[in-house]
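Subject: Structure handover and notes

Hi,

Here is the model I promised to pass on. Please have it open beside this message while you read the notes below.

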Amino acid sequence: MPYALFDDDQQRSKQFPTKDDAWKHADEAGLVDVVDGKTVLEDGYTIQPCGLDENGVVVAMPPAVQ
């Protein structure tokens, strides 16, 4: 399942084949912080599984689908 970086439900990166690849991209883009020993994304950013809508546009999959 592909993953992408989203900001407030807007896709901000291309699709990556794995969640780890998406995290690596976010880190290289300077969007990853370590807070209290935990690796987190900057506020508003998430890494979500994604798919294609009926028009072939990449969209985040709702949590119920994950």
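Some ground rules before the rest. This is a predicted model, so local features need pLDDT of at least 70 and side-chain atom pairs count only at pLDDT 80 or more, while totals for chains, interfaces and linings use all residues. Residues are numbered from 1 along each chain as its sequence is written, and side-chain values use heavy atoms, with hydrogens and water left out.

**Overall picture and confidence**

The chain has 66 residues, of which 26% are buried. Its secondary structure comes to one helix and six strands, in the order β-β-α-β-β-β-β from the N terminus. Helices (H or I, at least four residues) and strands (E, at least two) are DSSP runs, numbered from the N terminus. Of the contacts in the chain with a separation of 6 or more, 39% are between residues 24 or more positions apart; contact means heavy atoms within 4.5 Å.

The average pLDDT (the predictor's confidence in each residue, from 0 to 100) is 85 for the chain, and 89% of the residues score at least 70. Confidence is highest in α1, at 95, and lowest in strand β6 (residues 58–60), at a mean of 68. Where pLDDT is low, the predicted coordinates should not be read in detail.

Strand β1 (residues 3–7) is largely enclosed by the rest of the structure, because five of its five residues are buried. Both of its faces are covered: Y3, L5 and D7 point to one side, A4 and F6 to the other.

D36 is found in the loop between β3 (32–35) and β4 (38–41) and is exposed, at a relative accessible area of 81%. For context, most residues other than glycine have a negative phi.

**The nonpolar core**

The largest nonpolar core has nine residues: Y3, L5, F16, A22, A26, L31, V32, L41 and I47. β1 and α1 (19–28) are the elements that give two or more residues to this core. By definition, such a core is a set of buried Ala, Val, Leu, Ile, Met, Phe, Trp, Tyr and Cys residues joined through side-chain atoms within 4.5 Å. Leaving aside neighbours within four places in sequence, A22 is in contact with Y3, F16 and I47.

**Polar details**

How many salt bridges does a search of the whole structure find? There is one, and it joins the side chains of D7 and R12 (3.9 Å, N to O). The cut-off is a side-chain nitrogen of Lys or Arg within 4 Å of a carboxyl oxygen of Asp or Glu. D7 is buried, at a relative accessible area of 18%, whereas R12 is partly exposed, at 49%. Not counting residues up to four places away in sequence, D7 touches R12, G44 and Y45.

S13, in the loop between β2 and α1, is buried, with a relative accessible area of 9%. A polar atom of the S13 side chain lies 2.8 Å from the backbone nitrogen of L5. The backbone oxygen of S13 lies 2.3 Å from a polar atom of the Q11 side chain. Both are polar contacts: a pair of N or O atoms within 3.5 Å, where within protein one must be able to donate a hydrogen and the other to accept it, and residues adjacent in sequence count only if both atoms are side-chain atoms. S13 also touches A4, L5 and H25, again not counting residues up to four places away in sequence.

Best wishes

Key. Buried means under 20% relative accessible area, exposed over 50%, partly exposed in between (1.4 Å probe, protein chains only).
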